[in-house]
Amino acid sequence: MISIAGSQTGHPASCSMSPPSSAARNRHSGHQGQGFHKEQRALRLLWGPRRLVGPVVCCCLQVDTTGARFTSDTAAQELLHCNASEDLVARVKKIAMRLHQRPALGIALALSCVSTGNAIEPISTSIAVGMAAALTGLLAIYPNMLCSIHECCQEEWVAMNSTGLKETLEAKLFGQHLATQIILKAVTGFVNNKKPKKPLVLSLHGWTGTGKNLVSQMIAEHLYRKGMQSDFVHQFVSTAHFPHADHIDTYKDQLQQWVRGNVTSCARSLFIFDEMDKMHPGLIDSIKPFLDYYETMDGVSYRQAIFIFLSNAGGEKITRVALDFWNEGKKREEIQLKDLETAVSLEVFNNKNSGFWHTSLIDKNLVDFFVPFLPLEMKHVRMCVKEELKSRNKKPDEEIVNTVVEEMTYFPREEKIFSDKGCKTVEKKLDYYL
């Protein structure tokens, strides 16, 4: 089972020291008042790969913190175990409580307080606290200093490029006039709204290879400076993160903690849930309160967040409508959202094999847009092949393009209108022919 709880606060904290023997523990406990000054010890603050994980105190070599998750209170308790003075405990606890808001404070303490074999005397600790306070004061005057070198949830790193999103959708999303229109208006309008009443919730539906993952990546690339690599983009794949039906209660708790923790870190967080058609029914309802019209939940506002669900469910209905238009001699561009949205939402809601089966997210109208992705025709597959060649800095070779396009399989069997895999296998086929 993959635990999500660790994703909320980074990797579990642990000391680099080996657990002490029982004799060592007894030895230390006998040094009342002296152990804190004579034993080798280190005050260590761990900086997580995604965010500050909080204060972790490894003191006197007799404290095994492997797998522990510390708060300011537990940090103070560990100092007490090392016979630290009450004054020092109070100061460390006060500083620890501010670490999540002031990462530089953690850096200062880490640089100043880590012992390399020498004892940490009270004067050394005082200097460390003073340096940390000085650095904190500096950042109060120049708050953007840290954000110039490290991703922050501020405009320098999180800002919508609406023009870029429009150009990318029009240039690289083929055969999806509905998705292009809906995504651009929905995302741009939401981000420009300074006081939204709820998070933006998009549900993307259609057969594989039609562009659902591509669109979610485009949104991330034009909303965050680091794109999909941003600390504020969070992606779930149902079969990977929620594989076992008998663990659904655990998954619900973990999912709530994960969403709550990341939105607390950055209000403008993006959550992508892939393979919703393979998610265990009932699981997604655990985050329903975060998607609703609440101003705050336990002091946290979710109104700036974006939730995107990707699913193959509803693909059959979308294909039937597209095929009907073709049989009637109508252009696919004539298909409107009203022709599909209600039908798709009902099909997904009543599909027992879907993660949306009888979900309160649909029942309570918390999904803002059901975005249909139409099946791709042969001409769209051709465009995909040419775009892939362009991305590899290759000139379009018509022979290769035709070969890849013709090797794809299409349906219905007689008419051969739509690609049954969309553009999903184009990349691998080009790998073979190039």
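User: I'm looking at Phe 242 and Tyr 251; are they buried or exposed?

Analyst: Buried means under 20% relative accessible area, exposed over 50% and partly exposed in between, with a 1.4 Å probe and protein chains only. Here, Phe 242 and Tyr 251 are both buried. Keep in mind that this is a predicted model, where local features need pLDDT of at least 70, side-chain atom pairs count only at pLDDT 80 or more, and totals for chains, interfaces and linings use all residues. Residues are numbered from 1 along each chain as its sequence is written, and side-chain values use heavy atoms, leaving out hydrogens and water.

User: What kind of aromatic pair do Phe 242 and Tyr 251 form?

Analyst: Rings of Phe, Tyr and Trp (its six-membered ring) pair if their centres lie within 6.5 Å; planes under 30 degrees apart are stacked, over 60 edge-to-face, and the rest tilted. The count comes to twelve aromatic pairs. Phe 242 and Tyr 251 make an edge-to-face pair, 5.4 Å centre to centre with 70° between the planes. Tyr 224 and Phe 232 give a tilted one, at 6.5 Å and 45°, and both of these residues are buried. One aromatic cluster includes Phe 242, Tyr 251, Trp 258 and Phe 307.

User: Which residues touch the most other members of the largest nonpolar core?

Analyst: A nonpolar core is a set of buried Ala, Val, Leu, Ile, Met, Phe, Trp, Tyr and Cys residues joined through side-chain atoms within 4.5 Å. The largest one has 43 residues, and those touching the most other members are Leu 255, Val 259, Phe 273, Ile 287, Leu 291, Phe 307 and Phe 309. Helices (H or I, at least four residues) and strands (E, at least two) are DSSP runs, numbered from the N terminus. Elements that each supply at least two residues of this core include α12 (248-265), β5 (270-274) and β6 (306-311). The largest share, six residues, comes from α12.

User: What does Phe 307 touch?

Analyst: Contact means heavy atoms within 4.5 Å. Leaving aside residues up to four places away in sequence, Phe 307 touches, among others, Pro 199, Val 259, Phe 273 and Leu 291.

User: Which ring does the charged end of Lys 198 sit over?

Analyst: A charge sits over a ring if NZ of Lys or CZ of Arg is within 6 Å of the ring centre and within 35 degrees of the ring normal. For Lys 198, the ring is that of Tyr 293, with the charged end 5.9 Å from its centre. Arg 225 lies over the face of Trp 157, at 3.9 Å from the ring centre.
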